[in-house]
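Student: Before we go through the classifications, can we have the model in view?
Tutor: Here it is.

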Amino acid sequence: MRQIERFWYFCRPYKGLIALILIITPITAFFEYVNVAVFFNLANIVLGQAASLEQSSNIFKYIHKLIDIVPVNDMLLSAIIILISTSLAKSVGLTLAAYLNSYFSQRARIDLQFRLSERYLEAPYRFFIQNKQGSLLFNLTQAPLTVASVLKVFPNIFIGIIRISFLALLMFMVSVKVT
């Protein structure tokens with residue numbers, strides 16, 4: 001429990017960034033989910049099995065309706081347009097999530113280094129005599145890098161778990177036997 005409190009100590013000033021990452025991640029995973037479902041539908045259209053796929057799962061019925069909404073007469077072209085659109089939305093979301101994740105970890109590192117340097121500047125001379133220069137330099141340079149690395153890894157793990165969960169859900173919807 002102490003590790004969570006320590007982790008939250010560094011995350012607390014960045015609640016807005018964390019909330020934004022937590023909002024963007026499921027949206028991006030959903031677009032990836034739809035992207036794979038459209039790809040399955042596209043493959044079945046090319047193979048001429050659109051009717052059998054439409055009957056197999058609810059998601060494919062919705063994807064088929066989405067393809068029908070596109071104002072193009074050719075079903076294959078409509079599916080490709082939807083595939084490109086979802087791929088673009090997924091890529092934008094992943095790029096934004098990666099940017100926010102990096103910004104969050106580096107902002108925390110910079111703020112921590114600034115707070116430490118402020119404390120060092122306000123410390124009495126005796127503090128510098130009692131502590132080794134190596135440990136002071138480590139605390140000022142390397143320790144914030146370690147904190148930034150940890151703060152970058154946790155959102156990446158969360159993003160991976162959410163993406164895998166959405167894709168596993170889709171695979172179960174396609175066929176439980178295959179999954």
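The questions below ask how each label is reached from its value.

Student: What kind of model is this, and which elements does the protein chain hold?
Tutor: The model is predicted. The protein chain has seven helices and zero strands, and from the N terminus on the order is α-α-α-α-α-α-α.

Student: What makes the protein chain more spread out than a compact globule?
Tutor: Its radius of gyration is 24 Å, whereas the globule rule gives 16 Å for 179 residues. The value is well over the rule, so the chain is called more spread out than a compact globule. The C-alpha trace spans about 80 × 35 × 25 Å along the principal axes. Buried residues make up 31% of the 179 residues.

Student: Why is the pair of tyrosine 33 and phenylalanine 166 called edge-to-face?
Tutor: The structure holds eight aromatic pairs, and this is one of them. The ring centres are 6.0 Å apart, and the cut-off for a pair is 6.5 Å. The planes are at 70°, and over 60 degrees counts as edge-to-face.

Student: Are tyrosine 33 and phenylalanine 166 buried or partly exposed?
Tutor: Tyrosine 33 has 6% relative accessibility and counts as buried, since buried means under 20%. Phenylalanine 166, at 22%, counts as partly exposed.

Student: How do you know that tyrosine 120 and phenylalanine 128 form an edge-to-face pair?
Tutor: Their ring centres are 6.3 Å apart and their planes at 75°, so the pair is edge-to-face. The limits are again 6.5 Å for the centres and over 60 degrees for the planes. Tyrosine 120 is buried at 13% relative accessibility, whereas phenylalanine 128 is partly exposed at 34%.

Student: Why are α2 and α4 called roughly perpendicular?
Tutor: The axes of α2 and helix α4 (residues 58–69) cross at roughly 80° and come within 10 Å. Angles of 65 to 115 degrees count as roughly perpendicular, and α2 and α4 therefore take that label.

Student: Which residues of α2 and α4 meet, and how do they divide into nonpolar, polar and charged?
Tutor: On the α2 side they are Tyr33, Val34, Ala37, Val38, Phe40, Asn41 and Ile45; on the α4 side they are Ile59, Phe60, Ile63, His64 and Ile67. The contact has 10 nonpolar residues, two polar and no charged.

Student: Which residues is threonine 28 in contact with, leaving aside its neighbours within four places in sequence?
Tutor: Lys90, Gly93 and Leu94.

Student: What share of contacts in the protein chain between residues at least 6 apart in sequence join residues at least 24 apart?
Tutor: The share is 72%.

Note on methods
Residues numbered from 1 in each chain as written. Predicted model: local features only at pLDDT ≥ 70, side-chain atom pairs only at ≥ 80, totals over all residues. Heavy atoms only, no water. Phe/Tyr/Trp six-rings, centres within 6.5 Å; stacked < 30°, edge-to-face > 60°. Buried < 20%, exposed > 50% of the residue type's maximum accessible area, 1.4 Å probe, protein only. Axes fitted to C-alpha atoms, helices over the stretch in contact; angles between N-to-C directions. Helix = DSSP H or I, 4+ residues; strand = E, 2+ residues; numbered from the N terminus. Parallel < 35°, antiparallel > 145°, perpendicular 65-115°, else oblique. Contact = heavy atoms within 4.5 Å. Nonpolar A, V, L, I, M, F, W, Y, C, P; charged D, E, K, R; others polar. Rg over C-alpha atoms; globule rule 2.2 N^0.38 Å.
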